[in-house]
Amino acid sequence: RGLGDVYKRQNKLLQLSVPFLQEIMLSYKASVIIDRRNIVLSNPMIDITERAIELINDKLGDGTKNAD
């Protein structure tokens with residue numbers, strides 16, 4: 001599998017995750033979700049990363065099974 005395939009899979013995961021991320025945004029009354037790689041400094045009390053991962057894993061799976 002090439003790098004292009006990895007990007008396609010990441011993009012597909014993001015597309016499938018949007019409804020769940022929107023759900024989290026509504027529950028936290030958030031205005032934006034920012035990729036953690038773009039953050040220089042933040043308040044850990046407002047970091048929803050673990051909650052997002054748990055919700056997406058629950059709904060879509062954790063990626064341990066081959067989705068092909």
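Student: What volume does the largest pocket have?

Tutor: The largest pocket has a volume of about 1,500 Å³. The general idea is that rolling a probe the size of a water molecule over the atoms shows where empty space is left. Here a pocket is an open set of points, on a 1 Å grid over the protein atoms alone, where a 1.4 Å probe fits and protein lies on both sides within 12 Å along at least five of seven lines. Grid points are joined across faces, edges and corners, and the volume is the space filled by probe spheres set on the points.

Student: Which residues are closest to the centre of the largest pocket?

Tutor: They are Leu 14, Leu 21, Ala 52, Ile 53 and Ile 56, out of 36 residues that line the largest pocket. A lining residue has an atom within 4 Å of a point. Two elements give two or more residues to this lining: α1 (3–28) and α2 (49–60). The largest share, 9 residues, comes from α1.

Student: What should I know about the model before I go on?

Tutor: It is a predicted model, in which local features need pLDDT of at least 70 and side-chain atom pairs count only at pLDDT 80 or more, while totals for chains, interfaces and linings use all residues. Residues are numbered from 1 along each chain as its sequence is written, and side-chain values use heavy atoms, with hydrogens and water left out.

Student: How many helices and strands are there in the chain?

Tutor: There are 2 helices and 0 strands. Both kinds of element are DSSP runs, numbered from the N terminus: helices are H or I with at least four residues, and strands are E with at least two. Along the principal axes, the C-alpha atoms fill a box of roughly 35 × 25 × 20 Å.

Student: How do I read "buried", and what share of the chain is buried?

Tutor: Buried means under 20% relative accessible area, exposed means over 50%, and partly exposed is in between (1.4 Å probe, protein chains only). In this chain of 68 residues, 12% are buried.

Student: Is Ser 17 buried or exposed?

Tutor: Ser 17 counts as buried because its relative accessible area is 4%. You will find Ser 17 in helix α1. Contact means heavy atoms within 4.5 Å. Leaving aside neighbours within four places in sequence, Ser 17 is in contact with Ile 56 and Leu 60.

Student: And Leu 13: which residues does it contact beyond its sequence neighbours?

Tutor: With neighbours within four places in sequence left aside, Leu 13 is in contact with Ile 56 and Leu 60. Leu 13 belongs to helix α1, and it is partly exposed because its relative accessible area is 46%. From C-alpha to C-alpha, Leu 13 and Ile 56 are 9.3 Å apart, although 43 residues separate them in sequence.

Student: Why does Leu 26 count as exposed?

Tutor: Leu 26 has 71% relative accessibility, so it counts as exposed. Leu 26 sits in helix α1.

Student: Where is Lys 29 found?

Tutor: Look in the loop between α1 and α2. Lys 29 has a positive phi of about 55° although it is not a glycine. It counts as exposed because its relative accessibility is 75%.

Student: How far apart are the mean positions of the positive and negative charges?

Tutor: The mean positions of the 10 positive and 9 negative charges are 5 Å apart. Lys and Arg count as positive, Asp and Glu as negative, and His and the chain ends are not counted. Each charge is placed at NZ of Lys, CZ of Arg, CG of Asp or CD of Glu.
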